[in-house]
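Colleague: I've just opened this one and could use a guide. Can we go through a few parts of it together?
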Amino acid sequence: MAGVFSNTVRLPHSSAPVLRSSGFSRRRPSTPLRPVPRRLRGLISRADPTDEAVVEPNVDTDDKSEPTSVPQNTGFAEFPSKDINRRIALASVTSAVGLFLTTRLEFGVSLKDLSAYAIPYEEALANGLPTVVEFYADWCEVCRELAPDVYKIEQQYKDQVNFVMLNVDNTKWEQELDEFGVEGIPHFAFLDKDGNEEGNVIGRLPRQYLLENVAALANGAPSIPHARVLGKYSSAEARKVHQVADPRSHG
């Protein structure tokens with residue numbers, strides 16, 4: 001039956017038959033995409049995916065003012081002027097001189113200095129002032145130790161009290177040694193304005209003892225607070241007796 005049209009559909013020669021596998025293919029479940037933020041959508045659409053993202057600092061290009069220099073504290077002081085240097089040098093010299101004088105006053109006063117400043121014994125008994133008589137010797141260690149304290153007290157009361165120094169090595173004072181009963185030195189005898197002995201202090205004792213006794217004499221007190229006090233002393237028996245050339249010497 002040649003005139004009967006076949007209902008068979010012919011495919012073009014270029015078309016290949018579609019083959020379907022009888023088995024099931026394994027597909028990795030797709031990860032759901034997160035929504036892109038709105039502010040980045042325009043950037044994504046304009047950016048080249050092959051280019052690396054470059055983040056530029058937020059610079060305000062509208063501000064064209066000149067940069068102002070801010071002083072920085074480097075921790076170093078400014079160089080002083082010549083006038084300041086001169087003042088510093090003067091202050092340093094003044095401090096050094098003051099320190100030297102203070103050191104000399106406290107540690108450099110010798111028995112020879114005290115003897116030079118002392119009033120002659122005869123004059124002290126005649127001028128109507130109370131008197132402190134110190135019996136000493138140049139070889140006496142305790143006497144040398146107390147010299148700075150004696151000097152400072154003398155400078156404080158020199159206008160109100162006489163300070164006399166009698167060297168026990170001087171044979172001129174044999175009578176006074178017996179009269180005041182000097183057996184140890186330093187021996188301080190405190191006399192009122194009439195020359196009467198109020199008391200004595202012997203040996204190394206606190207400076208306050210001597211100071212309070214001298215203050216009592218200066219104020220005209222009827223007695224002194226430390227009338228009979230004995231400390232560490234050097235024996236007067238070790239004195240080196242010699243005849244001085246000048247018999248008027250009070251040392």
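Colleague: Which residues of α7 are buried?
Modeller: Bearing in mind that this is a predicted model, the buried residues of α7 are L210, L211, N213, V214, A215, A216, L217 and A218.

Colleague: How far apart are the end C-alpha atoms of α7, and what should the helix span?
Modeller: Helix α7 has twelve residues, 207–218, and at 1.5 Å a residue these should span 16 Å, while the end C-alpha atoms are 17 Å apart, which agrees.

Colleague: What comes after the helix, at G220?
Modeller: G220 follows α7, and its phi is positive, near 70°.

Colleague: Back to N213 for a moment, is that residue buried or exposed?
Modeller: N213, whose place is in helix α7, has a relative accessible area of 0%, and because buried means under 20%, N213 counts as buried.

Colleague: What does N213 touch, leaving aside its neighbours within four places in sequence?
Modeller: With those neighbours left aside, N213 is in contact with F190, V201, I224, P225 and H226. As for P225, that residue is twelve residues from N213 in sequence, and the two are 6.1 Å apart in space, taken from C-alpha to C-alpha.

Colleague: Changing topic, how many salt bridges does the structure hold?
Modeller: There are two salt bridges in the structure. In one of them R204 pairs with E145, and the closest N and O atoms are 2.5 Å apart. That pair links distant parts of the chain, since R204 sits in the loop between β5 and α7 whereas E145 belongs to helix α5, 59 residues apart.

Colleague: How exposed are R204 and E145?
Modeller: Both are described as partly exposed, R204 with a relative accessible area of 30% and E145 with 37%.

Colleague: What about the salt bridge of D149 and R207?
Modeller: There the side chains of D149 and R207 meet at 3.9 Å, N to O. D149 lies in helix α5 and R207 in helix α7, so this pair ties together parts that are 58 residues apart in sequence.

Colleague: And what are the relative accessible areas of D149 and R207?
Modeller: D149 has a relative accessible area of 22%, which makes it partly exposed, and R207 is also partly exposed, with 32%.

Conventions:
Residues numbered from 1 in each chain as written. Predicted model: local features only at pLDDT ≥ 70, side-chain atom pairs only at ≥ 80, totals over all residues. Heavy atoms only, no water. Helix = DSSP H or I, 4+ residues; strand = E, 2+ residues; numbered from the N terminus. Expected span 1.5 Å × (residues − 1). Buried < 20%, exposed > 50% of the residue type's maximum accessible area, 1.4 Å probe, protein only. Contact = heavy atoms within 4.5 Å. Salt bridge = Lys/Arg side-chain N within 4 Å of Asp/Glu carboxyl O.
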